[in-house]
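Hi,

Here is the structure I said I would pass on. Have a look, and my notes on the side-chain contacts follow below.

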Amino acid sequence: MSSLKKLMIKFESILKYSSCSITASALDISLVFLLKHWLPLVAANTIGVICGTSFHYILTSHLVFHVRIHGFSALVYCITFLISLLLNNSLIVLFMHYLSYLPIHENIAFFIAKPLSALMPFFMIYFLRKHLLNKFNKPIDKK
């Protein structure tokens, strides 16, 4: 077996989680970019994060963590979502503030700030969810 294939098998869970996150992030970023023209940045970002996270929850529950969408798994996602939302909003405001000092267009600053604000909490939330779901939740059978 090739070393690349071994690595992919070893890190299958985080690769699937990353794929789900990229898909959900594309939804999130698109919504925020559209809504920021009519709403304050934090309101637009909150709507984008809520939609992206809801989509992410459905995908990762089935594809990564193999848990049912109910009860404890929903509670874990709600708690970790609130942590992620707080970090995400704080970071996007911080990045947009500091990027405003640079001679770049606001849209370019946004496309730098938004992915950075989403990427930084990514690993922390993944490992926290994985730990809590593995420790306290009974997984469903993989198909």
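First, a quick one for you: is Lys114 buried or exposed? Lys114 is buried, with a relative accessible area of 0%. Bear in mind that this is a predicted model.

Lys114 has a partner, though: Lys114 makes a salt bridge with Asp28, and the closest N and O atoms are 3.1 Å apart. That pair ties together distant parts of the chain, with Lys114 in helix α5 and Asp28 in helix α2, 86 residues apart. Asp28 is buried as well, at a relative accessible area of 8%.

Lys36 and Glu106 meet through their side chains at 3.9 Å, N to O. Here too the pair links distant parts of the chain, 70 residues apart, and Glu106 belongs to helix α5. Lys36 counts as buried at 14% relative accessibility, whereas Glu106 counts as exposed at 52%. Then there is Lys16 with Glu12, where the closest N and O atoms are 3.2 Å apart. Those two are four residues apart in helix α2, which means about one helical turn separates them. Lys16 is partly exposed at a relative accessible area of 32%, and Glu12 is partly exposed at 40%.

Lys36 turns up again in the ring contacts: its charged end sits over the ring of Phe110, 5.5 Å from the ring centre. Phe110 is buried, at 0% relative accessibility.

On to the aromatics. The whole-structure search finds 10 aromatic pairs. In one of them, Tyr17 and Phe122 have ring centres 5.3 Å apart and planes at 50°, so the pair is tilted. This one also bridges distant parts of the chain, from Tyr17 in helix α2 (residues 12-35) to Phe122 in helix α5 (residues 106-136), 105 residues apart. Both Tyr17 and Phe122 are buried. For Phe110 and Phe111, the ring centres are 5.2 Å apart and the planes at 75°, so that pair is edge-to-face. Phe111 is partly exposed at 42% relative accessibility. There is also an aromatic cluster made up of Tyr17, Phe65, Phe122, Phe123, Tyr126 and Phe127.

Last, the surface. Leu4, Leu7, Met8, Phe11 and Leu15 make a nonpolar patch there, with about 480 Å² of accessible area together. Helix α1 (residues 3-10) gives the most to this patch, with three residues. Leu4 lies in helix α1 and is exposed, at a relative accessible area of 57%.

Cheers

Methods:
Residues are numbered from 1 along each chain as its sequence is written. This is a predicted model: local features need pLDDT of at least 70, side-chain atom pairs count only at pLDDT 80 or more; totals for chains, interfaces and linings use all residues. Side-chain values use heavy atoms; hydrogens and water are left out. Rings of Phe, Tyr and Trp (its six-membered ring) pair if their centres lie within 6.5 Å; planes under 30 degrees apart count as stacked, over 60 as edge-to-face and the rest as tilted. Buried means under 20% relative accessible area, exposed over 50%, partly exposed in between (1.4 Å probe, protein chains only). A charge sits over a ring if NZ of Lys or CZ of Arg is within 6 Å of the ring centre and within 35 degrees of the ring normal. Patches are made of residues with over 30% relative accessible area and no salt bridge: like charges are joined within 9 Å, nonpolar side chains (Val, Leu, Ile, Met, Phe, Trp, Tyr) within 5 Å. Accessible areas come from the Shrake-Rupley method with a 1.4 Å probe; for residues, only the protein chains shown count as cover. A salt bridge is a side-chain nitrogen of Lys or Arg within 4 Å of a carboxyl oxygen of Asp or Glu.
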